[in-house]
Amino acid sequence: DGIAWMWKKPLIRFLAILGSGQNLFLAGYPLIVIVLAQKLGVPDAAIGVIFSIGASGGILGALVTGHFRKRFTFGQIIIATSWLWVCLFAAFSIGPSAVRIAGLAFLLFFSNAIENVVQYSYRLALVPDTLQGRVNSNFRMVAFGLQPAGAFLAGVFLERLGPISTIWVFSAWLLGLALF
């Protein structure tokens, strides 16, 4: 029932497919950041700080989502964050440094939290109460199903292409999603 309902709703179906593509990227993101930072000679403890700064961006983004939601429509937020991710991730390759990586991680997770809160709350408002569990479990299966492939692809690309070229491959993927 959940997959049938979801598939009949173009917006929900689109969000699941978009989420699948975005999560393919997000699964590879940590490995890409670690390898890029290691190539720059960033100490392990500082790499942990980079991820902590990124996480703080996610927390702050979740806290201020209401502010953005009052000023922008659902569609504007989804489109803006999709394009922002293209720019932010591509920027990892331009003059990378530990400070730049940390700042970009903060902004990436800040915008990701806003997109997630807006998308989840909008989706939950559309799904009938009697189908919440079934639709959401199927939605999550589609949206998160490519994560293992994303981690695998990041590892393969990092090994064969190096971090900068891998960033450009993943940026091109995000560009395709933003256009979609």
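Phe180 is found in the segment after helix H8 (163-179), where helices are DSSP runs of H or I with at least four residues, numbered from the N terminus. At 51% relative accessibility, Phe180 counts as exposed, a word used for residues over 50% relative accessible area, while buried means under 20% and partly exposed lies in between, with a 1.4 Å probe and protein chains only. The model is predicted, and local features need pLDDT of at least 70, side-chain atom pairs count only at pLDDT 80 or more, and totals for chains, interfaces and linings use all residues. Residues are numbered from 1 along each chain as its sequence is written, and side-chain values use heavy atoms, with hydrogens and water left out.

Together with Ile3, Trp7, Ile17 and Met141, Phe180 makes a nonpolar surface patch of about 500 Å². Such patches are made of residues with over 30% relative accessible area and no salt bridge, nonpolar side chains (Val, Leu, Ile, Met, Phe, Trp, Tyr) being joined within 5 Å and like charges within 9 Å; the areas come from the Shrake-Rupley method with a 1.4 Å probe.

Helix H6 (residues 132-144) has 13 residues and reaches 17 Å from its first C-alpha to its last, close to the 18 Å expected at 1.5 Å a residue, a span taken as 1.5 Å times one less than the number of residues. Its buried residues are Gln132, Val135, Asn136, Asn138, Phe139 and Ala143. Because they cover an arc of only 165° around the axis, they are on the same side of H6, the arc being that of the directions from the helix axis to the C-beta atoms. On the other side of H6, Gly133 and Met141 are exposed.

The buried residues of H6 pack against H1, helix H2 (10-39) and helix H5 (98-126). In helix H5 is Gln119, which is buried, with a relative accessible area of 6%. Not counting residues up to four places away in sequence, Gln119 touches Leu15, Phe74, Ile78 and Phe139, contact meaning heavy atoms within 4.5 Å.

## The salt bridge of Asp1

A search of the whole structure finds one salt bridge, defined as a side-chain nitrogen of Lys or Arg within 4 Å of a carboxyl oxygen of Asp or Glu. Asp1 forms a salt bridge with Arg134, and the closest N and O atoms are 3.1 Å apart. Asp1 lies in the segment before H1 and Arg134 in helix H6, so the pair ties together parts that are 133 residues apart in sequence. Asp1 is exposed, with a relative accessible area of 64%, whereas Arg134 is partly exposed, at 37%.

Note on methods. Helices (H or I, at least four residues) and strands (E, at least two) are DSSP runs, numbered from the N terminus.
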